[in-house]
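Here are my notes on the model you sent. Please read them with the coordinates open.

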Amino acid sequence: MNKLRLGIIGNGYLGDIIAGAWKDGLLPEYELVGIVGRTKEKTDALAEKSGCSSCTGIDELLELKPDYIAEAASGDSVRDMAEKILANGCNLIVLSIGAFADKEFYERVKATAVKHNTRVYIASGAVGGFDVLRTVSLMGEAKAGIETRKGPESLMDTPLFEGHLMTDKESTMVFDGNAKEAIGLLPAKVNVAVASSLATVGPDKTRVNIHSVPGMIGDDHKITAEIEGVKAVVDIYSSTSAIAGWSVVAVLQNIVSPIVF
């Protein structure tokens, strides 16, 4: 059987996890054909380590005719490349789900996928349980919410950071709003909120609370979807972003597996 052709957008930590999983034999049904990233030196290095082509842009990667492209870069990359990828007959796996907080863009991407018979796979990133969250939301008029806890250092260089957070002794709520507002303030830090909201009641209706916790390393996300008589709670802590990269590997395995989880 011919192998599926795989490309990667992103030459950083998460892209390295995906490429490494392929090189280690965890994705035997795929051939890694190319990687594209913002910096040529890093892209060249990862491509050489992985034994595939280093591409200077998305057009060069698409020339390699990938069946799937895994995005592990940024929301800007998704906004710039998603429609072109889908229109070229290639399926897309997305980690930077925050790009889909823009409803107009989200609908354009869906329409492009339908028109060209391609698909967008939303990777679970640092969370999971999308199946049960979506199931509860289908059962009735659901309420959904996300409570995120982070160390104050991770909020530096964002609109939510204040100097006192570094010396506070107690947890401080720094944001209370919806998922769309959260991604507007923290475009690279709350993809979880948008992913979970798309699986439930949408970015405008999903409540998000973000807490700064003194001394905390990593993130803890507690996601709730609830209707009368049923309540689903997904609570995941991760000290690094590695779980996000591995979630793409899980999607790629599920695509070709005879048993789908």
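The points below cover the sheet, the helices on it and the nonpolar cores.

1. This is a predicted model, in which local features need pLDDT of at least 70 and side-chain atom pairs count only at pLDDT 80 or more, while totals for chains, interfaces and linings use all residues. Residues are numbered from 1 along each chain as its sequence is written, and side-chain values use heavy atoms, with hydrogens and water left out.

2. Six parallel strands make an open sheet, ordered E3-E2-E1-E4-E5-E6. E3 (53–55) and E6 (120–122) are at the edges with a single partner strand each, so one side of each has no neighbour in the sheet. From one strand to the next the twist averages 25°. Strands are DSSP runs (E, at least two residues; helices are H or I, at least four), numbered from the N terminus, and two strands pair if DSSP finds at least two bridges between them.

3. E5 (residues 91–94) and E6 run parallel and are joined by three bridges; Leu92 has Val120 as its bridge partner in E6. Helix H4 (residues 75–87) packs on the sheet, touching E1, E4, E5 and E6, with its direction at about 155° to that of E5. Contact means heavy atoms within 4.5 Å; angles run from 0 to 180 degrees between N-to-C directions, with axes fitted to C-alpha atoms, for helices over the stretch in contact.

4. The largest nonpolar core has 52 residues; Ile9 and Phe100 are among those that touch the most other members. Helix H8 (residues 191–199) contributes the most to this core, six residues. A core is a set of buried Ala, Val, Leu, Ile, Met, Phe, Trp, Tyr and Cys residues joined through side-chain atoms within 4.5 Å, buried being under 20% relative accessible area (1.4 Å probe, protein chains only).

Terms used. Buried means under 20% relative accessible area, exposed over 50%, partly exposed in between (1.4 Å probe, protein chains only).
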